[in-house]
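Good morning, colleagues. Please look at the sequence and structure on the screen before I turn to the charged side chains.

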Amino acid sequence: IMLNAAWADSHEVPQRKHRRYPTGNKVLYAQAGQPSSTHAGQILDVSPGGCRLRGPHLYPVGARVRVIALGIELDGQVRWTAGGREMGIEFQKPALVVQALLDAR
């Protein structure tokens with residue numbers, strides 16, 4: 001972890017806005033406007049600003065997505081992808097419903 005932090009500092013990577021919290025919540029996710037192509041996945045960590053999601057299908061950076069966790073629908077945008085199975089989702093409107101995901105950890 002320290003190595004990653006040192007690399008980020010030396011490569012002008014902006015500091016994260018929110019602390020990340022590990023979780024294992026199972027979720028459904030789909031590209032916005034295409035609910036028929038829903039996939040099952042897992043939130044690996046969550047913050048008020050977004051989440052790291054692992055699943056069988058990745059969307060391109062910039063794609064709008066809807067994540068459904070614990071009956072809560074969260075709209076967001078893909079900000080990064082990695083390893084062929086993970087993507088970072090930035091929530092469009094961080095709200096109190098995100099607290100429910102944090103509380104369910």
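I shall go through the salt bridges and the accessibility of their residues.

This is a predicted model, in which local features need pLDDT of at least 70 and side-chain atom pairs count only at pLDDT 80 or more, while totals for chains, interfaces and linings use all residues. Residues are numbered from 1 along each chain as its sequence is written, and side-chain values use heavy atoms, with hydrogens and water left out.

A salt bridge here is a side-chain nitrogen of Lys or Arg within 4 Å of a carboxyl oxygen of Asp or Glu. The structure contains 6 of these salt bridges.

Which residues are linked in a network of salt bridges? The members are D45, R52, R54 and E86. Within it, D45 pairs with R52 at 3.1 Å, N to O. E86 and R54 form another salt bridge, and their closest N and O atoms are 3.1 Å apart. This pair links distant parts of the chain, 32 residues apart: E86 lies in strand β7 (residues 86–91) and R54 in strand β4 (residues 50–54). Strands (E, at least two residues) are DSSP runs, numbered from the N terminus.

For accessibility, buried means under 20% relative accessible area, exposed over 50%, and partly exposed in between, with a 1.4 Å probe and protein chains only. D45 is buried at 12%, and E86 is buried at 15%. R52 is partly exposed at 27%, as R54 is at 32%.

Finally, R66 and D75 form a salt bridge with closest N and O atoms 2.7 Å apart. R66 is partly exposed at 34%, and D75 is partly exposed at 30%.

Key. Helix = DSSP H or I, 4+ residues; strand = E, 2+ residues; numbered from the N terminus.
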